[in-house]
Structures are given as C-alpha cells and as structure tokens.
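This report covers the strand pairing and sheet layout of one predicted model.

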Amino acid sequence: MIRFARPIIDKTVSRDFKKILSSGVLVHGKYTNLFENKLSQFFRFKNNDRVLSTASCTAALHLYYLCIGLKKGDEIIMSAQTHVATAHAVEICGARPVFVDCELKTGNIDIDKIENKISSKTKGICLTHFLGKPTLIKKILKISKKYKLKVIEDTALSIGSKIGNKYSGTLGDAGAFSFHPVKIITTGEGGALILREKKDYKKIKSLKSFGYDVISPQDRKIPGNYNINYLGLNYRMSELEAAIGIKELKIIEKKISKRKKNYNSLFEKIKNNRNFQILDSRSEKNLKSSYYALTIILNRKLRKNRNNYILKLKKKGIQSSIYYPHPVPLLHYYKNKYKHKARDFPNSCSIAYDSISFPVGPHVSTRNINYMSKIINQVIV
C-alpha cells in the first residue's frame with residue numbers, strides 16, 4: 001500500500017525521549033523552548049518573541065481570536081474550501097465565519113469576492129494557503145488596511161512555502177501551523193502560532209496555559225503558588241512532541257524538495273489524461289509551494305464515479321484522500337445553522353466533490369510514482 005502519508009521521523013529522537021522521561025519534566029521544559037527558538041530561526045526572526053508552540057493549529061487559531069477579543073456578533077471572512085477547524089475556531093468564540101468561494105485553479109480564496117462580504121461586523125480575514133500553494137496575500141493585506149481588519153493565515157498545509165522572500169504565516173497579523181502526522185513536518189500532534197504584534201506574545205503565552213501569571217513551575221518563587229490573569233485553556237505542546245519537532249525542522253527543506261520532485265514527476269506522467277484537470281499547486285513567480293499533495297479534478301461526466309475510483313485505487317494499493325470532502329458551509333452543522341446553499345460556492349463544490357488527492361510526501365519513491373501514474377491512467381477513464 002502506498003499510503004497517503006507516512007511520517008519518517010529521525011530514530012535518534014528516542015534518545016531525547018529517554019532524557020525527557022528520566023527528567024520528569026514533560027511540559028514547560030527546555031525542549032519546548034528550544035523548538036520555539038528553532039522555529040524563530042527558521043522564520044528568520046531575530047528573537048523568540050513572536051513564535052509560540054501550541055497543542056494544534058486549531059488551538060493556535062482559537063488562541064489568537066481569544067487574544068483579540070473576538071465575540072458574539074463579530075465576523076471573520078474565510079474560504080469555503082478549507083478544513084472545518086478554520087471555521088470552528090471562530091464559531092467557538094461565538095462569532096460567525098463568513099464564507100467566500102475559492103478559485104477553481106488553485107483552491108485558494110477568491111480575493112475578488114472578499115470585499116462584497118465585508119460588513120460593520122467584520123473583524124478579520126482568515127486565508128488558507130491551500131495544499132501548499134500560497135494565497136496572494138499582498139492583495140488581501142491591501143483590503144485589510146482599507147477596512148482596518150486583521151489578517152490571519154491558516155498555514156496548516158503549507159509551512160515552508162513563500163510569498164516573495166517571506167514565509168507564509170509571517171505576513172499577516174497571525175499565522176497558524178499544524179504538525180499533525182500528515183503535514184509537511186510533524187510533532188505527532190501539535191501546532192504553532194506566529195504573531196506580528198509582540199504585545200500579543202506574552203498574553204497568548206499565558207492564555208495557552210490556563211491564564212497563569214507565572215507560567216513555568218520552575219520560575220515560581222514559591223513552589224505551587226500562582227495566580228490567573230486571563231480565562232485561559234490548556235493548549236500547550238508537550239516536551240515529547242517538541243523533541244520530534246526539533247528533529248523535523250532540521251530536514252524540512254529536504255522534505256519539501258522531495259515533495260516537489262514527486263509532485264512534478266507525477267504531474268508530467270498524468271497531465272495528458274483528458275478525464276481530469278490537475279489543481280495547480282506548483283510554484284510560480286514570487287510564490288514558492290510546499291507541495292502538500294497532487295490533486296486532480298474529474299471532468300463533470302465522471303464526477304459520479306469519484307468514490308468508486310477511490311476504492312479501485314485502494315484495491316490497487318494506492319491510498320488517496322480528499323481535500324476536503326465538503327465545502328465547510330455545506331457541512332451539516334454550518335448548513336443547518338446558517339442555511340447556506342451549494343449554488344453560492346460552485347468552485348468549492350467542484351473541488352470538494354470532484355477531486356482526488358494523491359501522496360507526494362518523502363515516503364513516496366520513484367517506483368511508487370511510476371506505479372501510481374500507471375494505475376491512475378488505467379483506472380480513471
């Protein structure tokens with residue numbers, strides 16, 4: 001079976017695990033601090049006063065919204081074609097996610113439709129860098145400046161991608177990252193948050209640890225004595241997760257390079273199949289992709305066969321996936337609550353219901369690519 005994702009983690013991390021377990025410090029320790037420092041270095045920040053590790057990308061988004069005081073009656077604009085967590089982080093604050101259709105070519109938010117959704121209730125724009133290809137954020141930054149809105153980057157699928165010479169997640173007011181096992185790099189489970197405003201750093205650092213005034217037990221003058229400054233949550237990363245992340249960051253560029261090679265190779269081998277088009281996740285001028293997956297969009301006449309194709313591919317030893325199986329506004333919860341209609345999101349529907357995503361991660365060999373391309377061209381006819 002060619003799996004959609006299979007993390008390849010440096011086995012020497014087991015040595016760090018032994019040190020962590022023998023120390024008895026499983027949270028608030030040196031590995032978490034070191035991972036945050038390494039992330040800061042990767043993103044080219046001089047000091048570690050803008051990057052925080054979190055329990056997940058969802059936690060990172062939620063923490064930022066808590067920090068800026070997002071509340072009932074507020075609205076955040078986002079793409080309809082994203083993971084449900086992008087919307088949940090807003091909804092759980094009592095605010096409303098306002099959905100915009102995506103581009104059919106890239107799956108990224110249709111920037112030309114954003115201004116029509118802005119109202120007096122709008123507090124920000126959350127953009128998803130879909131499948132590793134960055135959104136043209138500079139256009140969104142101009143809109144946000146005009147209307148005095150926050151810009152939040154959901155970079156769950158695209159750590160390492162770039163707009164110009166800057167990394168995705170570093171251009172907006174906040175950037176949220178995921179280190180789930182299927183992502184570009186992993187910590188087992190976990191995430192990170194990048195902040196533009198240094199003043200938000202200390203507050204969110206407290207918010208992710210229940211709202212403690214003195215966060216690390218080692219820093220408390222009187223052991224066990226602390227106070228609470230905010231209504232916080234337990235959104236911390238563990239020392240074990242951070243240890244994995246440190247190893248992963250050392251080889252992130254190597255992993256992205258392998259993804260690019262696999263993507264381009266598979267692209268060339270199946271591009272002449274007239275039964276589908278390939279979603280364009282490739283790099284282009286001033287945009288560097290992190291090549292999360294290669295996604296095809298079936299022609300309309302074959303749409304009804306999508307799920308059968310997925311099962312046939314599985315029988316042939318190819319595990320594929322769907323990004324994502326429904327536009328978020330058409331998931332039962334959001335559709336029932338806000339009465340969204342499919343006709344308002346035609347491009348998102350096309351990607352959600354007509355697409356199949358194939359693996360291009362570092363675990364995929366040249367032999368796997370040759371086999372996948374052969375089977376794809378045989379099955380999808």
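Strands S10, S12 and S13 form an open sheet in the order S10-S12-S13, with antiparallel pairing. Strands here are DSSP runs of E with at least two residues, helices are runs of H or I with at least four, and both are numbered from the N terminus. Two strands count as paired if DSSP finds at least two bridges between them. S10 (276-278) and S13 (355-358) are the edge strands; each has a single partner strand, so one side of each is left without a neighbour in the sheet. Neighbouring strands of this sheet are turned by 25° against each other on average, direction ignored. Axes are lines fitted to C-alpha atoms, for helices over the stretch in contact, and angles run from 0 to 180 degrees between N-to-C directions.

S10 and S12 (residues 294-298) run antiparallel and are joined by three bridges. Within this pairing, Phe276 has Leu298 in S12 as its bridge partner. Helix H8 (residues 252-270) lies across S10, S12 and S13, at about 25° to S12; contact means heavy atoms within 4.5 Å.

Another open sheet has seven strands in the order S1-S9-S8-S5-S4-S2-S3, and its pairing is mixed. Its edge strands, S1 (51-54) and S3 (96-100), each pair on one side only. The twist averages 20° from one strand to the next. In S5, Ile152 stands opposite Cys126.

| Pair | Sense | Bridges |
|---|---|---|
| S10 and S12 | antiparallel | three bridges |
| S4 (residues 122-128) and S5 (residues 150-154) | parallel | five bridges |

Residues are numbered from 1 along each chain as its sequence is written. In this predicted model, local features need pLDDT of at least 70, side-chain atom pairs count only at pLDDT 80 or more, totals for chains, interfaces and linings use all residues, and side-chain values use heavy atoms, with hydrogens and water left out.
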